[in-house]
Amino acid sequence: MADLSENLRLIKYACLQTTIGPSLLCDICVFIYLIRHWRKEIVKSPQNHVILCVLTVSFIEKMTDAIFSLYFFRWGIAILQTETFCTVWTWLNYSLLTVNLMLIAWCCIERHLFIFHSLRMKRKLYLILFHYLPLLLCLCYTPTLYVVLIFFPSSCNNTWDYTYPYCGSPCYPFIPLWGTYDWLAHYALPISIISLANLFLFVRVVWQRTKQGRPVEWNRQKRMIIQLVFISALYLLLITPEVIVGVIEALWSPTFALDVQLNYFFYITNFVHQLLPFIIISSLPKLHKELKQSFQRIRRVYPLEATNGREQTNLTRDATNGKVI
């Protein structure tokens, strides 16, 4: 049984190790692209702000939480065996996942505003109320709440086990009120919003194109719609199983599918952050063009060096053969 557990842990390590490098490379490519075109993609395109925040949170996760997880899956113990580290690690894991969930949920709502009420969203007041304030709330709410619940629990004491991922669990989920509220408000609600908002967006686009005779300006809005659909599909596919089991455990049966939840569903959510930059980079056609041009320049340089190297080798061989003759 111990060998099976160790083999599973090493498989998890290999899968995470294989994806984290390419994912970080995609992050860097997108960041460089956004910096180079910051005026057009950031200043003049507020609809990209939430995607930038999601990508930044994902990048922070890969540089912190994912590194700690890699060490654990390789060696079977936390990288630092201290209560402070376990508290920070757990806070990072909980905060980064829920922040991105809430950002994507708000993005689904916000896309409706930018697509169907684009003129209003150009007004400063509407941007403040329906863009910047919700964005700030999504970024600050759960990290602040988890500071209170994880760092300063008032009605329980955290007990950490360094041989478990994230050193086990903080104590607050075992308090029925907080555990239920956490699963419903921070996981089930965002997943529900993502599902319903995408369904409503599809219905609304079809309805406007067929019934009202006022088609959405597809050429201008298709990038936002396609990008949203693929990001939402990623979150729904990888996080929904964990959320369903977690809600059932919180409301009805605390031991429902517990082994599957701990061994698989919690682990699968790591790949949300790993796969996210691939989806974002696929929705930036100008970045595709720049990358293609860069690869073409590299191919023009290296084949020339290879050709020169082969010519030099042939000359050396000819000279050697001449001396032999």
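How many cavities of 30 Å³ or more does the count come to?

A: The count comes to 1 cavity of 30 Å³ or more. A quick word on the ground rules: this is a predicted model, where local features need pLDDT of at least 70 and side-chain atom pairs count only at pLDDT 80 or more, while totals for chains, interfaces and linings use all residues. Residues are numbered from 1 along each chain as its sequence is written, and side-chain values use heavy atoms, with hydrogens and water left out.

A cavity here is a set of points, on a 1 Å grid over the protein atoms alone, where a 1.4 Å probe fits but cannot get out; lining residues have an atom within 4 Å of a point. The largest cavity has a volume of about 80 Å³ (the space filled by probe spheres set on the points, with grid points joined across faces, edges and corners).

Its lining consists of Val30, Leu34, Asn48, Ile51, Leu52, Arg223, Gln227, Ile280 and Leu284. Two or more lining residues come from each of helix H1 (2-36), helix H3 (49-63) and helix H8 (218-251); helices are DSSP runs (H or I, at least four residues), numbered from the N terminus. By class, the lining has 6 nonpolar, 2 polar and 1 charged (Ala, Val, Leu, Ile, Met, Phe, Trp, Tyr, Cys and Pro are nonpolar, Asp, Glu, Lys and Arg charged, the others, Gly among them, polar).

The whole structure has 1 salt bridge (a side-chain nitrogen of Lys or Arg within 4 Å of a carboxyl oxygen of Asp or Glu). Asp27 pairs with Lys62, with the closest N and O atoms 3.0 Å apart. Asp27 sits in helix H1 and Lys62 in helix H3, so the pair ties together parts 35 residues apart in sequence.

Now follow H3 onward. The axes of H3 and helix H4 (residues 65-75) come within 3 Å and cross at roughly 30° (axes are lines fitted to C-alpha atoms over the stretch in contact, and angles run from 0 to 180 degrees between N-to-C directions). That makes H3 roughly parallel to H4, the label for angles under 35 degrees. Ile60, Glu61, Lys62 and Met63 of H3 touch Asp65, Ala66 and Ile67 of H4, where contact means heavy atoms within 4.5 Å.

Conventions
1 Å grid on protein atoms, 1.4 Å probe; cavity = no way out; pocket = protein on both sides within 12 Å on 5 of 7 lines; lining within 4 Å. Parallel < 35°, antiparallel > 145°, perpendicular 65-115°, else oblique.
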